[in-house]
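Thanks, everyone. Please look at the model on the screen.

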Amino acid sequence: MSDIKNTPGVDPKLSKDWKDRLKREFESSYFVDLKAFLLEEKASGKQLFPPGNKIFNAFDHTPFDSVKVVILGQDPYHGPGQAHGLCFSVAPGIQKPPSLQNIFKEIRDDLGYPIPESGNLESWAKQGVLLLNATLTVRAGEAGSHQNKGWEQFTNAVIRLLSEEKEGLIFLLWGRFAQAKEAIIDTGKHFVLKAAHPSPLSAYNGFFGCKHFSKVNEILLNTGRKPINWKL
């Protein structure tokens with residue numbers, strides 16, 4: 001693990017429960033290649049998002065043992081100051097992107113909560129909502145620029161790990177990209193809720209009205225667990 005810690009921009013300060021379970025991934029050849037790619041990007045002067053100390057923020061805020069809900073995104077935001085390692089979330093003080101605005105509109109319509117000023121979803125993460133992007137880094141201003149470099153193999157391993165070692169998780173799969181991940185989830189022991197992506201291009205095709213936020217809490221209560229406070 002020391003080589004990871006000493007690699008600029010790839011510094012997983014993970015809780016022990018994540019670190020122990022993902023040790024094999026961090027030591028694998030694909031992850032070595034991924035680190036080399038990121039170092040090359042940085043050496044060439046490219047700006048990468050999120051900052052190096054935020055790449056593994058989803059894991060830092062939601063230890064393995066506390067995961068109850070998984071929301072899957074695709075890429076970090078690629079605008080200045082937006083991405084901070086939690087899918088759909090933006091750092092404090094940053095304007096909410098359209099997809100996040102639509103998430104808050106659905107929460108308003110589903111649960112009656114007003115749309116918040118902040119788009120920072122850390123409070124969800126601390127309650128056991130793993131906000132996981134499939135790709136954990138991106139080049140500034142270039143959406144999808146770090147896809148197919150190894151991150152998807154890593155995050156697929158995370159999803160499989162959760163599926164195998166936990167029970168009763170609730171996976172929120174929004175859009176076709178996220179829904180493809182259902183193939184690596186054991187739907188016999190986990191809950192899967194699917195809807196259109198909250199992007200303005202697709203939100204009216206089934207994201208609005210999905211009521212996933214109340215449904216998550218209904219499942220949690222019915223299985224003897226504390227519901228998520230979605231209000232920010």
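Start at Val70, which stands opposite Phe171 in S5. Before going further, two words on the source. This is a predicted model, so to speak of local features we need pLDDT of at least 70, side-chain atom pairs count only at pLDDT 80 or more, and totals for chains, interfaces and linings use all residues. Residues are numbered from 1 along each chain as its sequence is written, and side-chain values use heavy atoms, with hydrogens and water left out.

Now the names. Strands (E, at least two residues) and helices (H or I, at least four) are DSSP runs, numbered from the N terminus. Two strands pair if DSSP finds at least two bridges between them.

S2 and S5 pair in the parallel sense, over three bridges. On to S3: five bridges join S2 to S3, again parallel. There, Ile71 has Leu131 of S3 as its bridge partner.

Is S2 covered or open? Mostly covered: five of its five residues are buried, meaning under 20% relative accessible area with a 1.4 Å probe, protein chains only. Val69, Ile71 and Gly73 point one way from S2, and Val70 and Leu72 point the other way.

Next, S5, residues 170-174. Five bridges join S5 to S6, and the two run parallel. Trp174 stands opposite Ala195 in S6.

Four strands form an open, parallel sheet in the order S3-S2-S5-S6. The edge strands are S3 (129-133) and S6 (191-195), each pairing on one side only. From one strand to the next, the twist averages 20 degrees, with axes fitted to C-alpha atoms and angles running from 0 to 180 degrees between N-to-C directions.

Now the pocket. On a 1 Å grid over the protein atoms alone, a pocket is an open set of points where a 1.4 Å probe fits, with protein on both sides within 12 Å along at least five of seven lines; lining residues have an atom within 4 Å of a point.

How much space lies in the largest pocket? About 640 Å³, counted as the space filled by probe spheres set on the points. Its lining has 35 residues, and Gln74, Asp75, Phe88, Ser99 and His197 lie nearest the centre. The elements giving two or more residues to that lining are S2 (69-73), H5 (98-111) and H8 (175-179). H8 gives the most, with four.

By class, the lining has 18 nonpolar, 15 polar and two charged residues. Here Asp, Glu, Lys and Arg count as charged; Ala, Val, Leu, Ile, Met, Phe, Trp, Tyr, Cys and Pro as nonpolar; the others, Gly among them, as polar.

Note on methods:
Buried < 20%, exposed > 50% of the residue type's maximum accessible area, 1.4 Å probe, protein only.
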